[in-house]
Amino acid sequence: MPEVFKKIDKLKPAYDVTYQIVLFICKLLLVGDVFITCMSVTGRYVPFIPDPAWSEEVVLTCMSYMAVLSAALAIRKGSHIRMTALDRYMHKNVVISLDLLADVAVFILAIVMIVVGWTYAMEIGSKGSYVSMPGLSRFWMYFPVPLAGVAMVIFELEAVYNHFKNFFVKEETKA
C-alpha cells in the first residue's frame, strides 16, 4: 500500500502551485481593494482626486472573491475553526475518520457551490449589469462561488488523500 502513496505524493507540487496561484490572486484582490478604497475615500475630500461611481461595487466584488477563495486556501492548511478539544482523548483512527467525514461534507458543499453558483452566474448574473458600470455583466459578481468551489474541490481531494494516507501509513519516527 505505501507504494501507491509514494506515487500519488508526486502530485504535491501541483497542489503547491495551485495554492500559490490562488494565494497570489487573493493578494492582488486585496491590493486592488485597498487602492480603490483609498482613492475613493480620498476623492471625497480632495477635489483633484476622482471619486469614481463604480468604486463601491468593485470593492464589494473583490471582497467576495477574496472571502471565498481564502476559505478554499484555509482547507489546504487546515486552518478553519474546528472542535479539537476531545481529539486527544480519542483513538487516532477515530479522529482521522471524523476529519475524513468533515472533509467529505465540505467536498459535497464544494460540488454544490460549483453547480448552483455556475447556474446563478449564468442565469441571474448574465441578465443584469452593475448599476455604476452598465457595460459589465453581473456574472462577475456571482462567479466567485463556482470559482471557489473548484478550488475547494482541488484542496479537498488533497485533504481526503492525506487522511487516507494517515490512516494506512504508520508515521516513521525520526532517530
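1. The model is predicted: local features need pLDDT of at least 70 and side-chain atom pairs pLDDT 80 or more, whereas totals for chains, interfaces and linings use all residues. Residues are numbered from 1 along each chain as its sequence is written, and side-chain values use heavy atoms, without hydrogens and water.

2. Helix H4 spans residues 92-123 and helix H6 residues 144-168; their axes come within 8 Å and cross at roughly 160 degrees. The axes are lines fitted to C-alpha atoms over the stretch in contact, with angles from 0 to 180 degrees between N-to-C directions. Helices are DSSP runs of H or I with at least four residues, numbered from the N terminus.

3. The residues of the contact of H4 with H6 comprise 21 nonpolar, six polar and four charged. Here Ala, Val, Leu, Ile, Met, Phe, Trp, Tyr, Cys and Pro are nonpolar, Asp, Glu, Lys and Arg charged, and the others, including Gly, polar.

4. Aromatic rings pair if the centres of Phe, Tyr or Trp rings (for Trp, the six-membered ring) lie within 6.5 Å; planes under 30 degrees apart are stacked, over 60 edge-to-face and the rest tilted. The count by this rule is seven aromatic pairs. One of them, Tyr19 with Phe155, is edge-to-face, at 6.1 Å centre to centre and 65 degrees between the planes. Tyr19 belongs to helix H2 (residues 12-45) and Phe155 to helix H6, so this pair ties together parts 136 residues apart in sequence.

5. Tyr19 is buried at 11% relative accessible area, and Phe155 is buried at 0% (buried is under 20%, exposed over 50%, partly exposed in between, with a 1.4 Å probe and protein chains only). Lys77 lies over the face of Tyr19, 5.0 Å from the ring centre; the criterion is NZ of Lys or CZ of Arg within 6 Å of the centre and within 35 degrees of the ring normal.

6. Trp118, Phe139, Trp140 and Phe143 are linked into a cluster by ring pairs. Within helix H6, Leu147 is partly exposed at 29% relative accessibility.

Note on methods:
Helix = DSSP H or I, 4+ residues; strand = E, 2+ residues; numbered from the N terminus.
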